[in-house]
Amino acid sequence: MRLIRSPWVGLSLALGIRAGTGAGAAVPDAAGAEARAALTARHGEAESARIDRGVEQVRRYWRSEDGDARAFHDFVLAEFVPQGAARDALFNRFEFALERLDGYFTSLNRDLRRGTDLEIGPLLPLDERLAAFDPAAHVSEDLFQSKLAFVALLNFPLTTLEQRLAQGGTWSRRQWAEARLAGRFSSRVPAEVNARLTRAYSEAGTYISAYNVYMHHVLTSDGRRLFPAGLRLLSHWNLRDELKARYTDRDGLPRQRLIALVMDRIVRQEIPAAAVNNPLLDWTPETGAVAVSPVKDAEPTVGARAEAAREREPDERYRRWREIFQAERQADPHYPDHPTFIDRRFNLGREIPEAEVRRLLESVLTSPVSEPVARLIARRLGRKLEPFDVWYAGFKPRARYSEAELDEITRKRYPTAAAYAADLPRLLRELGFSEEKARFLAERIVVEPARGSGHAFGPARPDDKAHLRTRVGEHGMDYKGYNIAVHEMGHNVEQVFSVSTIDSNLLRGVPNTAFTEALAFVFQSRDLALLGLGASEPGEEHLRALEEFWATREIAGVALVDMEAWHWLYAHPEASPAQFREAVVRIAQDVWNRHYAALFGVRDVTLLGIYSHMVDSGLYTPDYPLGHLIAFQVEQHFRRTKGPMGTEFERLSRIGSVTPDAWMRQAVGSPLSAQPLLEATKNAVRALGG
Ligand SMILES: [Zn+2]
């Protein structure tokens with residue numbers, strides 16, 4: 001579920017952007033030395049280490065348009081502040097100013113997006129333009145041009161991930177806040193490089209968002225149609241979800257096999273280009289045959305042609321992915337400390353080193369508990385595993401109430417968004433917050449009807465409110481809408497604590513989205529209890545552990561494929577899209593052969609290469625398995641917490657955006673690890689028999 005935070009801080013982090021063109025080139029070494037000497041003469045030897053660092057940090061980002069060597073000299077002499085009351089005052093001013101900047105841009109963006117985000121009548125073309133308009137788009141560069149960024153860089157230390165990991169555990173909250181303050185100005189990428197990045201990501205996103213397969217037109221080798229008319233599935237999400245849904249279908253197996261075959265053809269780019277997003281053609285994946293369809297079940301999109309061309313898609317998938325790599329490569333020279341996108345993604349964005357992520361993923365993939373779990377699944381299925389069973393979905397606890405029964409209950413209770421808002425204090429009390437905290441939180445959460453599926457729009461200044469958006473139908477909130485509302489409420493509570501009661505606004509938030517999703521899930525999993533529909537059943541915990549383990553195991557392999565593909569790109573920067581396709585197919589098969597083939601009894605499967613986010617999101621997929629592991633540890637912590645949940649939830653929400661490792665240690669008392677999940681899986685296997 002979507003979660004929205006302040007607008008302009010996110011971008012440089014998301015893109016992992018850092019450092020300026022030809023760092024230090026605009027100010028000669030001699031001028032730097034001269035400035036350092038003048039400052040040391042003025043402030044004394046006690047300040048010399050800070051002076052050296054501050055002057056170098058400014059030099060690194062200073063461009064000729066910021067002024068000549070003389071201007072640089074004058075600037076650092078005028079703006080350097082020695083330790084003590086003056087520097088404390090400078091810190092406080094920055095903290096407040098950035099809180100205001102973030103805070104108002106956040107509310108402004110929220111207001112501009114009102115038409116697209118809220119159910120307030122027909123969507124106008126203007127709404128889309130307003131939503132795409134980002135008033136904070138140039139703030140980052142403006143802060144450099146106005147030299148505010150340089151004041152921060154002169155007086156507060158930039159830190160490396162190594163330092164934050166090695167020393168962060170002993171840092172004071174103020175030291176963390178200073179690290180985040182300076183860190184905000186650790187990127188200054190030329191506009192044309194950013195523009196190419198934006199274009200590459202957005203074009204890949206557009207390509208992915210129109211990659212539909214019309215399933216009624218996907219035929220078996222004997223010409224049968226296994227899927228209903230009109231069924232259009234977006235690759236890969238809908239394909240995978242349809243495959244998962246078919247586990248409860250008595251005749252699901254041939255359909256699942258057909259979906260897996262479609263996925264393989266997409267990864268290998270053997271899918272006929274004309275068959276993509278085209279309901280006018282029938283396609284037989286097994287033979288590659290294409291024919292004009294005698295069945296008309298869906299309105300074709302513009303450009304879809306009734307021409308039976310069987311030419312394969314000309315490596316478009318890999319061309320788009322590779323273009324993101326090329327755009328990131330243009331950015332590489334601007335990051336002396338993080339010269340590849342891989343470094344930036346892990347060390348700047350996630351703040352977990354790649355080697356550590358790989359170790360975590362492999363600890364799941366190589367765990368001996370995999371075999372008994374695989375046997376358990378085969379037994380539940382009553383057949384041998386097939387490759388697509390990486391998506392086995394049968395561990396979900398059986399529902400005690402039908403969706404229709406639940407819809408009736410929630411619609412009656414919440415006919416409008418206002419009815420949910422009025423119930424907030426009770427909901428929060430039942431979740432374990434004190435009367436006083438429940439009131440405090442409820443006063444700071446606005447509930448509104450969403451146009452889409454729902455999201456939590458967090459505030460960035462303490463005098464703003466969190467916004468809970470969920471779907472409210474004509475006849476009230478159905479169960480899906482309610483379930484999302486409870487999830488988003490978890491985000492909102494974390495957001496309110498993290499903005500209104502945290503010790504420094506510079507530390508608001510959580511290390512990354514996996515953490516806030518984990519906290520939101522703690523709420524969401526209690527949704528039925530909040531309706532008075534009983535607590536969890538015995539055995540449910542075991543099923544949940546197995547479900548988590550199997551899902552984590554699947555996506556861990558996907559993440560490895562993604563990571564190895566990026567390393568291949570850096571090793572072969574001039575390779576063609578076709579060569580890249582061959583490499584990804586081989587990597588997907590290698591990872592499969594290493595970690596899955598023995599369990600499934602089949603080699604050379606390509607399915608791990610199907611994830612769309614590999615193509616359009618630049619090394620995003622490792623966040624999924626990390627999210628599973630983080631969520632498991634956090635949820636387990638709450639299950640073991642004695643006493644009301646509220647106090648503990650508040651404590652966790654106030655740790656703020658330290659590194660994932662520091663957050664985990666403070667939150668649950670141990671580092672990020674797969675062990676709790678693996679232990680729980682072992683217990684589940686023992687209880688249910690493997
Ligand atoms: Zn969420």
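Contact means heavy atoms within 4.5 Å. By this criterion, and not counting residues up to four places away in sequence, A229 touches H216 and D297. The model is predicted, so local features need pLDDT of at least 70 and side-chain atom pairs count only at pLDDT 80 or more, while totals for chains, interfaces and linings use all residues. Residues are numbered from 1 along each chain as its sequence is written, and side-chain values use heavy atoms, with hydrogens and water left out.

A229 lies in the loop between β2 and β3. Helices (H or I, at least four residues) and strands (E, at least two) are DSSP runs, numbered from the N terminus. A229 is exposed, with a relative accessible area of 52%. Exposed means over 50% relative accessible area, buried means under 20%, and partly exposed lies in between (1.4 Å probe, protein chains only). The C-alpha atoms of A229 and V634 are separated by 43 Å. Along the chain, these two residues are 405 residues apart.

G230 is found in the loop between β2 (212-214) and β3. At 33% relative accessibility, G230 is partly exposed. Leaving aside neighbours within four places in sequence, G230 is in contact with H216 and D297. G230 and D297 are 67 residues apart in sequence. In space, C-alpha to C-alpha, G230 and D297 are 5.2 Å apart.

H217 also belongs to the loop between β2 and β3. H217 is buried, with a relative accessible area of 1%. Not counting residues up to four places away in sequence, H217 touches R225, P279, L281, D282, W283, S293, V295 and D297.

Attention now turns to the backbone. Most residues other than glycine have a negative phi, and most peptide bonds are trans. A cis peptide bond joins S235 and H236, with omega about -5 degrees. H236 sits in the loop between β3 (232-234) and α13 (237-245). N277 has a positive phi, near 55 degrees, and is a residue other than glycine. N277 is in the loop between α14 (252-268) and β4 (281-284). The relative accessible area of N277 is 13%, so N277 is buried. D604 is not a glycine either, yet its phi is positive, at about 60 degrees. The loop between α27 (597-600) and α28 (612-616) holds D604. D604 is partly exposed, with a relative accessible area of 41%.

The metal site comes next. The zinc ion is coordinated by H487 (NE2), H491 (NE2), E517 (OE) and E517 (OE), at 2.1 to 2.6 Å. Donors are N, O and S atoms within 2.8 Å of the metal (3.2 Å for Na, K and Ca); water is not among the atoms, so sites may look incomplete. The angles among the four donor atoms of the zinc ion run from 52 to 144 degrees, and the site is irregular. Four donors count as tetrahedral if all angles lie between 85 and 135 degrees; four count as square planar and six as octahedral if opposite donors are over 155 degrees apart and all others between 65 and 115; anything else is irregular. Along the chain, the donors of the zinc ion follow the spacing H-x3-H-x25-E. The pair H487 and E517 links distant parts of the chain, 30 residues apart. H487 is in helix α22 (residues 479-500), and E517 is in helix α23 (residues 513-524). H487 is buried, with a relative accessible area of 3%. E517 is partly exposed, at 24% relative accessibility.

The axes of α23 and helix α29 (residues 623-640) come within 8 Å and cross at roughly 40 degrees. That makes α23 oblique to α29. Axes are lines fitted to C-alpha atoms, for helices over the stretch in contact, and angles run from 0 to 180 degrees between N-to-C directions. Angles under 35 degrees count as roughly parallel, over 145 as roughly antiparallel, 65 to 115 as roughly perpendicular and the rest as oblique.

For helix α21 (residues 435-442) and α22, the axes come within 10 Å and cross at roughly 90 degrees. α21 and α22 are therefore roughly perpendicular to each other.
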